[in-house]
Amino acid sequence: MFDIGFSELMVIALVALIVIGPERLPRVARTLGHLAGRLQRYVADVKADINREVELDELKKMRDSMQEAATGFESSVTTEMKKTESELNAAVEGKAEAEVSPPPQAATAIEEKQKQ
């Protein structure tokens with residue numbers, strides 16, 4: 001982020017020593033160190049929060065896609081069940097009609113008897 005070399009740090013330290021003075025420089029350096037540590041912890045916390053939000057969004061998207069897949073599967077199974085049920089009902093009705101009505105040969109024999 002900041003490209004500061006050793007020579008730049010020496011210049012900053014020399015200016016700080018002249019401006020702040022040798023008595024207060026250790027306290028100021030300690031305070032700056034604490035503030036830098038707090039800043040690093042704050043940045044780490046923000047990064048962690050952002051990562052958690054991203055993971056949460058990904059999990060929500062995954063949950064939604066799984067729900068859509070489950071709904072689609074359920075509807076296809078329901079459709080196939082209804083189709084199979086209607087086919088079985090039609091087959092049962094066809095068999096019942098076949099049992100009730102005589103076969104074509106028997107029908108012609110019955111008609112011939114009625115004519116006589």
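A residue counts as buried under 20% relative accessible area, as exposed over 50%, and as partly exposed in between (1.4 Å probe, protein chains only). By this definition, Arg52 is exposed, with a relative accessibility of 51%. The structure is a predicted model, in which local features need pLDDT of at least 70 and side-chain atom pairs count only at pLDDT 80 or more, while totals for chains, interfaces and linings use all residues. Residues are numbered from 1 along each chain as its sequence is written, and side-chain values use heavy atoms, with hydrogens and water left out.

**Overall architecture**

- The protein chain contains 3 helices and 0 strands, where helices (H or I, at least four residues) and strands (E, at least two) are DSSP runs numbered from the N terminus.
- Read from the N terminus, the order of the elements is α-α-α.
- The chain has 116 residues, of which 2% count as buried.

- Helix α1 has 15 residues and reaches 21 Å from its first C-alpha to its last, close to the 21 Å expected at 1.5 Å a residue; the expected span is 1.5 Å times one less than the number of residues.
- Val11 is located in this helix, which covers residues 6-20, and Val11 is exposed at a relative accessible area of 53%.
- Together with Leu14, Val15, Leu17, Ile18 and Val19, Val11 makes a nonpolar surface patch of about 590 Å².
- Patches consist of residues with over 30% relative accessible area and no salt bridge; like charges are joined within 9 Å, and nonpolar side chains (Val, Leu, Ile, Met, Phe, Trp, Tyr) within 5 Å.
- Just after α1, Gly21 adopts a positive phi of about 100 degrees.

**Charged residues**

- The whole structure holds 2 salt bridges, each defined as a side-chain nitrogen of Lys or Arg within 4 Å of a carboxyl oxygen of Asp or Glu.
- One of them joins the side chains of Arg52 and Asp49 (3.1 Å, N to O).
- Arg52 and Asp49 are about one helical turn apart, because they are separated by 3 residues in helix α2.
- Asp49 is partly exposed, with 40% relative accessibility.
- Arg63 forms a salt bridge with Asp64, their closest N and O atoms being 3.5 Å apart.
- Arg63 is partly exposed at 47%, and Asp64 is partly exposed at 33%.

Technical notes. Areas by Shrake-Rupley, 256 points an atom, 1.4 Å probe, with all protein chains shown as cover.
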